[in-house]
Amino acid sequence: MFETIKKEGVIARAIKNNLIQLDTIFLRDFADNSRKNVDNHPIGGGDGMVLRADIAEKAILSVANENSFIVNLTPSGKVFNSKIAKKLSQKKHLILLCGRYAGFDQRLIEKYAHINLSIGDFVLSGGELPSLCLIDSISRFVPGVLGNQESALNDSFEDGLLEAPQYTHPEDFHGQEIPKVLFSGDHKKISAFKRKEQLILTAQNRPDLILSMWENLSRQEKSIIEKIWKSG
Ligand SMILES: C[S@@+](CC[C@H](N)C(=O)[O-])C[C@H]1O[C@@H](n2cnc3c(N)ncnc32)[C@H](O)[C@@H]1O
């Protein structure tokens, strides 16, 4: 699963340029029997199998160093977001624990994980896809990973809001036109237009983000949002 991002795109380029390094280790390599078992039944009953703490510990210790910051991927963790990605991008060494089955024995998590993170309110079969999401979004904040053309500064969440809709050629797409102001060359007007679009989109799709920045909005911005919310 991890080979794909090593081969193509922004992450592959970052690895090639020695900006980040990505290694994967396989839990079964640390198993203590010839059948390579890494799991056992949940004590106290219940569905699924639990990943053994002693085997996972050996795997962690095989790569950990004094700079390691250990992230456990779990649906019951704190929901991952751009702010957390930025903070994690400053760590020298991350270890991402990818669960399978019913996840890791809780004692391993308590002993080793610095943080438990979820990528959303849904359950996947393993922690590999969530890890890939973290690797991609965290790497975007590592200096040099994105070229000037691709700056993360204008991305959604950077100023607390979703990014304004984007347009390119052709100018007419099935009769839908690009907003005229974007052709005006008037940067002040364009940025005011984009800010309003951001407010509208965020108010519609992510009222939680608007509420968390309410105090920082101008009176005019609050009234735009209130109108949207009133109109349903
Ligand atoms: C089937 S899930 C285990 C779900 C667990 N029994 C629960 O209900 O919380 C197996 C593994 O997938 C990963 N996983 C699944 N959904 C995830 C999510 N939304 N965020 C982060 N990791 C997730 C975790 O590493 C987890 O240990």
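Pro 170 sits in the loop that runs between helix H6 and strand E6, the latter spanning residues 172–173. In this predicted model, the peptide bond leading from His 169 into Pro 170 is cis, and its omega is near 5 degrees.

Most residues other than glycine have a negative phi. Lys 36, however, has a positive phi, near 65 degrees. Lys 36 belongs to the loop that links helix H2 (9–16) with strand E1 (39–40). With a relative accessible area of 37%, Lys 36 is partly exposed, because that value falls between the limits of 20% and 50%. Tyr 101 also has a positive phi, in this case near 50 degrees. The loop that holds Tyr 101 lies between strand E4 (93–97) and helix H5 (106–112). Tyr 101 is partly exposed as well, with a relative accessible area of 46%.

Attention now turns to the ligand and its surroundings. There are 19 residues around the ligand, and those that come nearest are Leu 73, Gly 99, Ile 119, Phe 122 and Leu 124. Sorted by class, the shell consists of 10 nonpolar, 8 polar and 1 charged residues. Strand E3, which covers residues 68–79, and strand E5, which covers residues 115–118, each contribute at least two residues to this shell. Of the elements involved, E3 gives the most, with 3 residues.

At Leu 73, a backbone N or O atom is placed 2.7 Å from an oxygen atom of the ligand. At Ile 119, a backbone N or O atom lies 3.0 Å from a ligand nitrogen atom. Leu 124 likewise has a polar backbone atom that is 3.0 Å from a nitrogen atom of the ligand. Taken alone, the ligand would expose 580 Å², and the protein buries 79% of that area.

Gly 99, Ile 119, Phe 122 and Leu 124 are among the residues that come nearest to the ligand in the model. Val 123 is found in the loop between E5 and H6 and counts as exposed at 68% relative accessibility.

What is the setting of Asn 72? This residue is part of strand E3, the element that gives the most to the shell around the ligand. Asn 72 has a relative accessible area of 3% and is therefore buried, since the limit for burial is under 20%. The side chains of Asn 72 and Asn 116 are joined by a polar contact of 2.9 Å. Apart from neighbours within four places in sequence, the residues in contact with Asn 72 are Leu 97, Phe 104, Ile 109, Ala 113, Ile 115, Asn 116 and Leu 117. Among these partners, Ile 115, Asn 116 and Leu 117 fall within the span of strand E5, residues 115–118.

Is Ser 139 buried or exposed? Ser 139 is placed in helix H6 and, at 5% relative accessibility, counts as buried. The side chain of Ser 139 reaches the backbone oxygen of Ile 135 at a distance of 2.5 Å. When neighbours within four places in sequence are set aside, Ser 139 is in contact with Ile 11, Ile 20, Leu 134 and Val 145. One of these partners, Ile 11, falls within the range given for helix H2, residues 9–16.

Ser 191, for its part, lies in helix H7, which comprises residues 187–205. At 44% relative accessibility, Ser 191 counts as partly exposed. The C-alpha atoms of Ser 191 and Phe 80 are separated by 29 Å, and these two residues stand 111 residues apart along the chain.

Definitions and conventions: Residues numbered from 1 in each chain as written. Predicted model: local features only at pLDDT ≥ 70, side-chain atom pairs only at ≥ 80, totals over all residues. Heavy atoms only, no water. Near = heavy atom within 4 Å. Polar contact = N/O pair within 3.5 Å; in protein donor to acceptor, adjacent residues only side chain to side chain. Areas by Shrake-Rupley, 256 points an atom, 1.4 Å probe, with all protein chains shown as cover. Helix = DSSP H or I, 4+ residues; strand = E, 2+ residues; numbered from the N terminus. Nonpolar A, V, L, I, M, F, W, Y, C, P; charged D, E, K, R; others polar. Buried < 20%, exposed > 50% of the residue type's maximum accessible area, 1.4 Å probe, protein only. Contact = heavy atoms within 4.5 Å.
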